Amino acid sequence: MAEHPEHAAIPSVNEAPQDFWEPEPGAVADDTTAAADPACAADELDDTTASGVWSRLLSGNRRFAGDKATNAGRDAAARKALVDGQQPTAIVLSCSDSRVVPELLFDSPLGDLFTVRTAGEMVDDAVLRTIEFAIDGLHPKLLVVLAHQHCAAIEACRHDVDELLAKTAKETGKDPADVIDDLDEILDGSKDPMLRFVGTAVWQAKIADLDSADDCEQVAVAHTIEYLVTHSEIIRDALARERMMIVGARYRLDTGLVETLSF
Ligand SMILES: [Zn+2]
């Protein structure tokens, strides 16, 4: 059984707090400011820092949510300007959900976001290498791990984990509460990569008594960030050298707004 904090809301993230970005007070526009000023000028924001990039992306999201997206930087001139190269400011790892399109919901121009999308933001070697490729070659300031409301992949894993728990309890003749601590080993041995990765996040939420879909979506972000940092020397090095920072976020389908998660 993997070790886990007894009552941790977000398992394991606190193991390496120095590796995670926390915005400086006032560095990132909060919801109130952004809602009051959805047209917060991108040119007033500093794209040379991670917090500046995140502020700009949040401003774009407020425009999108307020039906004021500019859709700038997507015309022939923008395409022509990008023929010879790209310099994305952020990597976004998000769900493949058809309703969660990072370029649209951040109102980003072509060439701005290097996106990787999988069901439930699951990570495997290909995803990890794709992110490392971007960090090494394109030097983005920010890595955004973006979950979303009503994630079908997480919902499917919640169902599968519950079924697996009931099945294991039945087979062993024990109470589900007595077998849940060992469920991570069974999940780890699953042939289904989504159940292995996203199911483990659901399990982490469950053992911390965080059973709602909202909770699971947030814990999944923490799990993904922890996995990325643990499994990639390139990511750890970029964080240690302060070349890049990581932010966890969640997109709300009902409001169109992106929430910054704090761990
Ligand atoms: Zn999803």
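In this predicted model, helices α6 and α9 pack at an angle of about 75 degrees, with their axes 9 Å apart. Because angles of 65 to 115 degrees count as roughly perpendicular, α6 is roughly perpendicular to α9. On the side of α6, the contact is made by Ala-153, Ile-154, Cys-157, Arg-158, Asp-160 and Val-161, and these meet Met-194, Leu-195, Val-198, Gly-199, Val-202, Trp-203 and Lys-206 of α9.

| Helix pair | Angle between axes | Distance between axes |
|---|---|---|
| α6 and α9 | about 75 degrees | 9 Å |

**The annotated binding site**

An unreviewed UniProt entry lists Cys-95, Asp-97, His-148 and Cys-151 under "binding site". These residues span 57 residues in sequence, yet no two of their C-alpha atoms are more than 8.8 Å apart, so they gather at one spot.

His-148 lies in strand β3, which is made of residues 142–148. Since 20 or more C-beta atoms within 10 Å make a residue buried, His-148, with 23 other C-beta atoms within 10 Å, is classed as buried. Leaving aside neighbours within four places in sequence, the contacts of His-148 include two residues from the UniProt list, Cys-95 and Asp-97, and they extend to Val-100, Glu-217, Arg-250, Tyr-251 and Leu-253.

Cys-151 is placed in the loop between β3 and α6, and Cys-151 too is buried, with 25 C-beta neighbours inside 10 Å. Not counting residues up to four places away in sequence, Cys-151 touches Cys-95, Asp-97, Gly-120 and Glu-217.

**Residues with positive phi**

Asp-209 has a positive phi of about 60 degrees although it is not a glycine. The residue sits in the loop between α9, residues 193–207, and α10, and Asp-209 is exposed, with 9 other C-beta atoms within 10 Å. Another residue other than glycine, Glu-242, likewise has a positive phi, near 55 degrees. Glu-242 is located in the loop between α11, residues 233–240, and β4, residues 245–251, and with 11 C-beta neighbours inside 10 Å Glu-242 counts as exposed.

**Confidence of the model**

Over the chain, the mean pLDDT is 86, and 83% of the residues reach 70 or more. Residues 1–43 have a pLDDT that stays under 50, and for this stretch the model has 64 contacts beyond four places in sequence.

How values were computed:
Residues are numbered from 1 along each chain as its sequence is written. This is a predicted model: local features need pLDDT of at least 70, side-chain atom pairs count only at pLDDT 80 or more; totals for chains, interfaces and linings use all residues. Helices (H or I, at least four residues) and strands (E, at least two) are DSSP runs, numbered from the N terminus. A residue is buried if 20 or more other C-beta atoms lie within 10 Å of its own, exposed if 12 or fewer, and partly exposed in between; C-beta atoms are placed from the backbone. UniProt positions are given in the numbering used here, feature names are shortened, and annotations may be inferred rather than shown by experiment. Two residues are in contact if their C-beta atoms, placed from the backbone, lie within 7 Å. pLDDT is the predictor's confidence in each residue, from 0 to 100. Axes are lines fitted to C-alpha atoms, for helices over the stretch in contact, and angles run from 0 to 180 degrees between N-to-C directions. Angles under 35 degrees count as roughly parallel, over 145 as roughly antiparallel, 65 to 115 as roughly perpendicular and the rest as oblique.
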